[in-house]
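Thanks for coming. I have one structure to go through today, so please look at it on the screen.

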Amino acid sequence: MIGAGAVGMAFVDTLLTETDADIIMVDRHHMPGGHWNDAYPFVRLHQPSAFYGVASRELGTRRIDKTGSNKGYFELASGAEVSSYFEQVMREHFLSSGRVRYFPMCDYVGEGRFQSLLSGAEHEVSVRHKTVDGTFFKTSVPSTHKRKYAVADGVACITPNELPIRAADFCRFTIVGAGKTGMDTGVWLMDNGADPENVRWICPRDSWLINRETTQPSVEFFDQAIGAFATQMEAMAAATSVDDLFDRLEATGSMVRIDESVKPEMFHYATISLGEVDQLRRINDVIREGRVERIEPDRLIMQNGAEIPADPDTLYIDCTATAVAFSGASQPIFDGATITLQSLRSPNLTFSAALAAHVEATYDTEEEKNRLCTPVILADNPTQWMASTLGNMTNQITWSQDKPLREWITSCRLDGFGAVVRDGVKADPSRSAILTRIRDSGLPAAFKLQKLIEEAAD
């Protein structure tokens, strides 16, 4: 197993549970959890902890937050909690099984060989069955990526990792980057008392955001979660264009945007509460002139040639790392002696990895495995979101036609919503009307998505 990040851990967990395989895990970090080792201290999951991590062990306690921007919704694990969780899974489940050997601080160099990053010593193993690559997404976080703009001497430009330490020395802040890290940074500044009049936000592209209310994995949120999916399907079936579709999704509360006067060009699955949206809307100084070329003490030089005056005493926070490779590329997951983990239900990567492990453990032929595990792209923009959604729908139909697989998915903790559908209707049969809406609009939605995707490509 190349990589001990969330994807690799989820795959190994299911394989360890369902087979008698011996597994070697190689990772460049000193602890399991991948990019969580490098994350900024105030990072939290976008999604509820209840369906993140590995299938065999719950993350968190299914607590409903009583305060803060996430009030009323299931808890979101902090970076420290996620790192501790994966360390416990490795130590208490993987290593204690006697069937997992773990090599941290090592770089995989190919053909069964990996090298210690500390000593340079090279190890070689004989792979009896398959090599599993858990690094396809090339996850990047601010502390590990190289920024693509220049910063003049005398300008304070940091990653979010340093913000809690350095913030008290400044009263003016500029967030560079419009993704979820930039949003997290803006919310942190607002939550911690920064004057919104002294905060500037450089947004090369605005983003459509998923309303976190629609992602709550419990029967109590049946109408908000499963009902939102029904509404989405109906919106897809009725849409006349990409813009019309997202207008419909916004009108029904499934999607939100920070500035309702700006048409978003980005979609990266960022999931947000309306409380966080309210905090971000307090930032009025938003620069929409594309990307930064250079930061000087008294001005910003943008790639489009614009020059924007700046205060010399500003702290710049670099939030420009791209979390994963949003390339739209994919390859067969099962290819001879290699398994390349990818998304099977975007953006639920740990569920996808667990499902791939179950398919590997349960089905015989490579053809059947790849039929059940068709990669779904991670979207970069609204049009790609339609392609991703269509891929999710196609895979779901394929899985539903295989009863044992369908039952495995429903019972899998990482699925999130299969059990909600099952138990929600049992608790209140009237909820079956929502499922009828989904069934009635499913085929028209799929046809319309295909049509809009083709039109967008012309």
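Predicted model: local features only at pLDDT ≥ 70, side-chain atom pairs only at ≥ 80, totals over all residues.

Residues are numbered from 1 along each chain as its sequence is written, and side-chain values use heavy atoms, with hydrogens and water left out.

Helices (H or I, at least four residues) and strands (E, at least two) are DSSP runs, numbered from the N terminus. Two strands pair if DSSP finds at least two bridges between them.

The sheet is open, with three strands in the order E12-E11-E13 and mixed pairing. At its edges are E12 (255-256) and E13 (271-272), each pairing on one side only. E11, residues 209-211, pairs with E12 in the antiparallel sense over two bridges. Leu209 has Val256 of E12 as its bridge partner.

Now the helices. The axes of H5 (222-238) and H13 (432-457) come within 7 Å and cross at roughly 35 degrees. Those axes are lines fitted to C-alpha atoms over the stretch in contact, with angles from 0 to 180 degrees between N-to-C directions. Contact means heavy atoms within 4.5 Å. Among the residues making this contact are Phe222, Ile226 and Phe229 of H5, and Ile434, Leu435 and Ile438 of H13.

Last, H6, residues 242-251. Val242, Asp244, Leu245, Phe246 and Leu249 are buried there, meaning under 20% relative accessible area with a 1.4 Å probe, protein chains only. What covers them includes H5, E12, H10 (382-400) and H13. Just after H6, Gly253 takes a positive phi of about 90 degrees.

How values were computed:
Buried < 20%, exposed > 50% of the residue type's maximum accessible area, 1.4 Å probe, protein only.
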